[in-house]
Amino acid sequence: MNLAAYGHCLRGVVGRELLRFLHQRSRFVAALVRPLVWLFVFAAGFRMALGVAMTEPYQTYVLYEVYIVPGLVGMIQLFNGMQSSLSMVYDREMGSMRVLLVSPFPRGYLLMCKLLAGTLVSILQVYVFLAIAYLYGIQAPLMGYVLVLPALIVTGFLVGALGMLLSSAVRQLENFAGIMNFVIFPMFFLSSALYPLWRLREGSELIYRIAVLNPFTHAVEMIRFALYEQLNVEATLIVLATTLILLWLAIIAYNPAKGMMTQRGGPGGE
Amino acid sequence: MSHNDRASLQASPASVAEGSDATALQVRDLSFGYKGSPVLEGVCLTLKVGEFAVLLGPNGAGKTTLFSLITRLYAHRQGTIRIGEVDLQRQSAVAHVRMGMVFQQPTLDLDLTVKQNLAYFGALHGMAPGLARQRALQQLARLDMQESLNSRVRHLSGGQRRRVEIARSLLHEPRLLLLDEPTVGLDIASRRGLVEHVHRLCHEQGVAVLWATHLIDEVDSNDRVILLHRGRVRAQGSVMDLLAQADAATLSDAYDHFVQGTAS
């Protein structure tokens, strides 16, 4: 297989994911409504109670709506990552995963293509959300919307790899809903998406410590800083390292010789 | 289209016959189990280029597991599998290029059109969009399905979906085609049409076919039969060979002889 063939494979996987996304308009609406409800209802309602003091990367005191936007961007990507994993479990149950796995390309490459496809879908949703937030009056520097793109790609890979790893361990679609409850909500609420770390610490030292260990916290901070034209080196390094580890584990899990698929009766779940 | 592509598309029966002694699939001493329970034990079988063989066995015989190992959905630790001259464990990518697979479970994306499904598969085999479209049209025309190119798979009948899956499995022009109970859920006319088409593939294009089924009436008197039961090959050869080995008058009797003779 030459380089062009690898390109055709990537185009095919990404194209299929985009087509599926376009066919599932309700998924797009749901993905947007969720953060918008948080922004318009939750954040507006709690603005007075949860005012945020000056904290990096902001150069002044900010409204709670402004603070919460990067966290909601992370939420979109987190839900989308889990949705992609859910579709992998569905594909496995329906059998279409087999078509992917009998391709002559290395399995790691195929999984990377899937991850990239899911990430691109999530980035589309994020930019639509950011555009609505912009019109609502929550405006980051214009260059921030460009600089945040790499952070969105890395975060997409982080949550996608996590979801992929989970999907390899889940045998049936029904079990996945439970895992989502035990992954999405703790990851989101025990992070700096809704409250700054210092405020979490005021509430509970334990929750603060968990939030610091949560890679999603660092993904949100990476996005927050990038949106305001800054680079949070520590958060970026933590997210990159966690992504690589999760990706490596996911590729092993989908390796027929070493992974969990064979032990579970394979991609068809039989 | 490259010269090689044209050459393989224009392969005549004569050129197929020239290579008919070559081996398309060789399985040697293959054993496999789940969590310590053996599913396949010491399986040996060989398939020549252009040969049609039926892998016959009751449900739970290990047919799907054998196909999963040949397609490397599972990795084997005991025994060897060769696709042509290629060792599956050492060169799985090359092996995958040479084989096509129709799974027991339908694997088409229902929300996409036939064209989109075939384009996706072509991309997974590294094909440029133009080449994939051209091959898709050729394969669908052979199955009289070209009218359905832009139809959503969801709107096709079970038989039509199966034909699309066969067209898809041939898109990259494999030399070995594996079909795992492809007629499940089809009516008699669709079943007959499918069997005839796949036989034609063997004769006209030299594709080696391993057709797994538990239905004795899908076996033609000229087919080679590999009888698998409880993870072991109990008998193999032509229908006449099996009748002679079992001292039976019909294939059904021979089947009962081999299956019930190992029931305990």
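Let me begin with a definition: two residues are in contact here if their C-beta atoms, placed from the backbone, lie within 7 Å. With that in hand, and bearing in mind throughout that this is a predicted model, I would like to start from one residue of chain A, A:Ala161, which sits in helix 6, residues 142-169, of that chain.

Leaving aside its neighbours within four places in sequence, A:Ala161 is in contact with A:Leu115, A:Thr243, A:Leu246, A:Leu247 and A:Ala250. Is A:Ala161 buried or exposed? It counts as buried, because 26 other C-beta atoms lie within 10 Å of its own, and the cut-off for that class is 20 or more. For a sense of distance, A:Val89 is 72 residues from A:Ala161 in sequence, and the two are 14 Å apart in space, C-alpha to C-alpha.

That brings me to the chain around it. Chain A has 12 helices and 0 strands, and 46% of its 270 residues count as buried. If we take the contacts in chain A between residues at least 6 apart in sequence, 78% of them join residues at least 24 apart.

Let me turn now to helix packing within chain A. Helix 2, residues 25-45, and helix 5, residues 107-136, of chain A pack at an angle of about 40°, with their axes 10 Å apart, which makes helix 2 of chain A oblique to helix 5 of chain A. The crossing of these two helices of chain A is right-handed. From helix 2 of chain A come A:Phe28, A:Ala31, A:Leu32, A:Pro35, A:Leu36 and A:Leu39, and they meet A:Gln125, A:Val128, A:Phe129, A:Ile132 and A:Ala133 in helix 5 of chain A. Sorted by class, the residues of that contact are 10 nonpolar, 1 polar and no charged.

The next topic is the contact between the chains, which takes 28 residues from chain A and 30 residues from chain B. On the side of chain A that touches chain B, helix 1 (3-23), helix 4 (96-101) and helix 12 (260-263) of chain A each supply at least two residues, and the largest share, 9 residues, comes from helix 1 of chain A. By class, that side of chain A has 12 nonpolar, 11 polar and 5 charged residues.

B:Val114, B:Asn117, B:Leu118 and B:Phe121 in helix 5 of chain B meet B:Val164, B:Ala167 and B:Arg168 in helix 7 of chain B, a contact with 5 nonpolar, 1 polar and 1 charged residues.

I will finish with two backbone details in the loops of chain B. Most residues other than glycine have a negative phi. For B:Asp144, however, phi is near 60°, a positive value; this residue is found in the loop between helix 6 (129-142) and helix 7 (158-169) of chain B, and it counts as exposed because 12 other C-beta atoms lie within 10 Å. For B:Glu173, phi is near 55°, again a positive value. B:Glu173 is found in the loop between helix 7 and strand 7 (176-180) of chain B, and it is partly exposed, with 19 other C-beta atoms within 10 Å.

Notes
Residues numbered from 1 in each chain as written. Chains lettered and ligands numbered in written order. Predicted model: local features only at pLDDT ≥ 70, side-chain atom pairs only at ≥ 80, totals over all residues. Helix = DSSP H or I, 4+ residues; strand = E, 2+ residues; numbered from the N terminus. Nonpolar A, V, L, I, M, F, W, Y, C, P; charged D, E, K, R; others polar. Axes fitted to C-alpha atoms, helices over the stretch in contact; angles between N-to-C directions. Parallel < 35°, antiparallel > 145°, perpendicular 65-115°, else oblique. Left-handed = near helix turned anticlockwise from the far one by under 90°.
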